[in-house]
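The following exercises are to be worked through with the structure at hand. Each task is followed by a solution in steps.

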Amino acid sequence: MNFKILTPNPPLRFTNSGSARPRTNGGVQHHTGGGASMWGGRDVTSVQDIHRWHLNNGWAGIGYHLYVRLNGDIFQGRPIDRVGAHTGSPAGTNNSTVGVCAEGNYETVHRVMPDAQFNALVWIYREYLPSLFGPGWIRGHNEFMATACPGRFFPMAELRMLEYRGQENITVGEEMTPTLFEVTTRTSPLNVRSLPSASGTLRGTLPRGSRVEVIRRSGGWLYVVYGALTGWASADFLTKVVDVFRFTDVPAGAWFAPAVREMWERGIVTGTTPTTFAPNDTLTRAAAVTLLYRLDGMIDTGLGATFNDVCCCAWYHDAVAWAASLGIVQGVGDGRFAPGNDMTRQEMAVVLWRYAAATGQDVTVQEDFTLDFPDAEQVSGWAVKAMRWAVHRRVIRGNDRGELQPLGTATRAEAAVLLQRFVGLAE
Ligand SMILES: [Zn+2]
């Protein structure tokens, strides 16, 4: 592999030269993480941004030694032989380790590492660091202290195969369109392992009938996502769920059928029973938020919802807590969320618009774009921006009479169609 260490341009200036690191036992791996709150709405940043952030905090400058971009470029951060500032506890860790940062948020945004970035990391740990400091280990930041870093989707186990002798073929596997699979073991639960091999560490098990999302594959192994549990499972015991789509009220020719099917295959919409979808039922606020929560990968925020009508054991609690933490939903006043209230089309537009903004999508609309519908004046003042965005991006379209119907109640079928178009924007 042909890599080199690039010098940032302009060069990074440190406020002091620091001290030489007395020994080097291994490397600590990080991701940039942060996302919307920390890096101005972008999920990735640059070595200069991180350097500036350290300087603004009154520190010497960037604390990582190496910064690896998604495209595989490797930038020099703090000089490689200096004491870093990347793993504050336990005390002394910085005196014996190199800090390596991978660009991207591998907790909530990126779920499969690009080959270029992975290969750059492999080169760092296999060739570059051993050439300077001899053999060492690789640990994630979260193995030292309570932090999400480097993220639950970071291919840590795959990277650590380097610590085993004779493992020449290291891969993160081949990326797949996220697809819903069902666990079809006969007698015992399905093992989920850290590596695509029976020798991988056991991370957890899944009972027969569990529905999991599969995002990459390697040989006879599939990488599954089931809430917080991620890892490799044998493809022999996983069956694509597409084979069991059987909603009798979603006829193949219906205008909403392709959207319901696609969103169902992705695990975003579910039936009301195994054989009914109830396309004409109205969409409640709780259900709408849950759809977005599934779309986002069901990140466990660990937060409680603070609305007094959202019980902690309600099926929609985690989704509401997540949406409120990102500012995607607000209450209806008096500390209430009104989970059972119907969602209107303009409310749906607002929620999607806020979600798009919270995940760093471009939500700008040309100033001269107008809502050209006979009932456009019915759009509430607080929903105008969101409606303009939704119509401009063709997420929301007029009905067959050319009306926008902002106050009309969204149905479950319409929600599936809106989400399909919304997902199409991001892809
Ligand atoms: Zn970290």
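**Exercise 1.** Which residues in α5 meet which residues in α6?

*Solution.* The model is a predicted one.
Step 1. On the α5 side, the residues are Ala286, Val289, Thr290, Leu292 and Tyr293. They meet Ala319, Val320, Trp322 and Ala323 in α6.
Step 2. Sorted by class, this contact of α5 with α6 comprises 8 nonpolar residues, 1 polar residue and no charged residues.

**Exercise 2.** Determine how the axes of α5 and α6 are oriented to each other.

*Solution.* Step 1. Two packed helices are described by the distance between their axes and by the angle between them.
Step 1. Helix α5 covers residues 285–295 and helix α6 covers residues 317–325; their axes come within 8 Å.
Step 2. The axes cross at roughly 75 degrees. Angles of 65 to 115 degrees count as roughly perpendicular, and α5 and α6 are therefore roughly perpendicular to each other.

**Exercise 3.** Is Leu222 buried or exposed, and with which residues is Leu222 in contact beyond its neighbours within four places in sequence?

*Solution.* Step 1. Leu222 is located in strand β11, residues 221–226.
Step 1. Within 10 Å of Leu222 there are 24 other C-beta atoms. A residue is buried if this count is 20 or more, so Leu222 is buried.
Step 2. With neighbours within four places in sequence set aside, the contacts of Leu222 are Phe181, Val214, Arg217, Ala233, Ala235 and Leu238.

**Exercise 4.** Describe the contact between domain 2 and domain 3.

*Solution.* Step 1. The domain assignment places domain 2 at 174–242 and domain 3 at 244–426. Their centres, taken over C-alpha atoms, are separated by 29 Å.
Step 1. Domain 2 gives 9 residues to the contact and domain 3 gives 7 residues.
Step 2. On the side of domain 2 that touches domain 3, β7 (174–183) and β10 (211–218) are the elements giving two or more residues.

Key
Residues are numbered from 1 along each chain as its sequence is written. This is a predicted model: local features need pLDDT of at least 70, side-chain atom pairs count only at pLDDT 80 or more; totals for chains, interfaces and linings use all residues. Axes are lines fitted to C-alpha atoms, for helices over the stretch in contact, and angles run from 0 to 180 degrees between N-to-C directions. Helices (H or I, at least four residues) and strands (E, at least two) are DSSP runs, numbered from the N terminus. Angles under 35 degrees count as roughly parallel, over 145 as roughly antiparallel, 65 to 115 as roughly perpendicular and the rest as oblique. Two residues are in contact if their C-beta atoms, placed from the backbone, lie within 7 Å. Ala, Val, Leu, Ile, Met, Phe, Trp, Tyr, Cys and Pro count as nonpolar, Asp, Glu, Lys and Arg as charged, and the others, Gly among them, as polar. A residue is buried if 20 or more other C-beta atoms lie within 10 Å of its own, exposed if 12 or fewer, and partly exposed in between; C-beta atoms are placed from the backbone. Domain bounds come from an automatic or database domain assignment.
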